[in-house]
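Here is a friendly briefing to read alongside the model. Please keep the sequence and the 3D view open as you go through the points.

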Amino acid sequence: MNALEIKNVSKIYEGFKLDNVSLSLPEGCILGLIGENGAGKSTLIRIIMGITKSDGGEIKILGRDGKREIELVKEDIGFVPDNVGLPGFMNMKQIGSFMAGNYKNWDGEKYEQLLEKFDMNHDRKFKDFSKGMRMKAGLAVAMSHGAKLLILDEATSGLDPVIRDEILDIFLEFTREPDHSVLISSHIVSDLEKLCDYIAFLHKGKIMLFEEKDALKEEYALVKCGIEELDGVSEGDIIGKKVNPYGAEAIIKRSAVKKGMNISNVDIEQLFIFMAKEGEK
């Protein structure tokens, strides 16, 4: 089963359009939604969560209609936005008591375990937390009511490398349960490359690519060669290229690599940058 299915979802604002976005998240996997600031990542997540109404398309969340049954399925979703909005005047113990009244499956013992794991001060008020601690607080809440799907909007943005690494490990541990899945958006591509099973590139409101991460690395290669060598490769096999008077650098399909070409493995960030720039030509 897919934890999340999105088909032809669109939203039009003045000066921006989320354009017929389609992707799916298999159960038990982590999907990374990559895109520059303003690409439409947060808009898509707000639509999934029912915060923003789409102008078209279909969404299924954990087998339910994401438009008509979103309130029924929210109990099974752990949502952590970029700016975690917990009551600032409460400490973590008070927040736990508050959330127990909002979720029928609230697990107070699990919450306490997560607070201890995150090394969080129970008595300190939320408004006094750093951004990293606020994100950990949001995750503690999201993971303490039996959620099967975590939806995370820029969950690692603005965090120092040590805290980012800790949080990535938390997501990996969460998906050890076969029915647990994660959708995480970020413009920090290196985080998603380490974490995700599937990658989706969102650029200016359009999905440029949606694929299993390992398949991407097997399918494409980074080539450094002379301009004449690159001219011998079909344009349909070239994902993106940079040409200067001294030679060319390109990402091409491995099946199109010519004998003698200097090739290396491509990383996801390189692939995204080359595809985005090629799409703007």
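A residue counts as buried under 20% relative accessible area, as exposed over 50%, and as partly exposed in between, using a 1.4 Å probe and protein chains only. By that scale Asn8 is partly exposed, with a relative accessible area of 44%. The model is predicted, so local features need pLDDT of at least 70 and side-chain atom pairs count only at pLDDT 80 or more, while totals for chains, interfaces and linings use all residues. Residues are numbered from 1 along each chain as its sequence is written, and side-chain values use heavy atoms, with hydrogens and water left out.

**The chain as a whole**

- The protein chain holds 10 helices and 14 strands, where helices (H or I, at least four residues) and strands (E, at least two) are DSSP runs numbered from the N terminus.
- Its radius of gyration is 21 Å, close to the 19 Å that the globule rule gives for 281 residues, so the chain is as compact as a globular protein of that length. That radius is taken over C-alpha atoms, and the globule rule is 2.2 Å times the number of residues to the power 0.38.
- The C-alpha trace of the protein chain spans about 70 × 40 × 35 Å along its principal axes.
- Of the 281 residues in the protein chain, 49% are buried.
- Taking contacts (heavy atoms within 4.5 Å) between residues at least 6 apart in sequence, 69% join residues at least 24 apart.
- The 38 positive and 47 negative charges of the protein chain have mean positions 3 Å apart. Lys and Arg count as positive and Asp and Glu as negative, without His and the chain ends; each charge is placed at NZ of Lys, CZ of Arg, CG of Asp or CD of Glu.

- Strand S3 covers residues 30-34, and five of its five residues are buried, so S3 is largely enclosed by the rest of the structure.
- In a regular strand the side chains alternate between the two faces of the sheet. In S3, Ile30, Gly32 and Ile34 point one way and Leu31 and Leu33 the other way, and all are buried.
- S3 runs parallel to strand S8 (residues 181-186), joined by five bridges; strands count as paired if DSSP finds at least two bridges between them. Leu33 stands opposite Ser185 in S8.
- S3 also runs parallel to strand S9 (residues 198-203), with four bridges, and Ile34 faces Phe201 of S9.

**Helix H1**

- Helix H1 (residues 41-48) has six of its eight residues buried, so it is largely enclosed by the rest of the structure.
- Those buried residues are Lys41, Thr43, Leu44, Ile45, Ile47 and Ile48.
- Just after H1 comes Gly50, with a positive phi of about 80°.

**Strand S1, its hairpin and its partners**

- S1 and S2 run antiparallel and are joined by eight bridges; Val9 has Val21 in S2 as its bridge partner.
- The hairpin of S1 and S2 has two residues between the strands, and Gly15 takes a positive phi near 85° there. Gly15 counts as exposed at 85% relative accessibility.
- From Gly15 to Glu69, 54 residues apart along the chain, the C-alpha separation is 30 Å.
- S1 pairs with strand S4 (residues 56-61) as well, in the antiparallel sense over five bridges, and Leu4 stands opposite Ile61 in S4.
- Ser10 lies in S1 (residues 2-13) and is buried, with a relative accessible area of 11%. Leaving out residues up to four places away in sequence, Ser10 touches Leu18, Asn20, Ser54, Asp55 and Gly56.

- Most residues other than glycine have a negative phi, and most peptide bonds are trans.
- Asn8 has a positive phi near 50° and is placed in strand S1.
- Asp119 has a positive phi near 55°. Asp119 sits in the loop between helix H4 (108-117) and helix H5 (131-142), and is exposed, with a relative accessible area of 66%.
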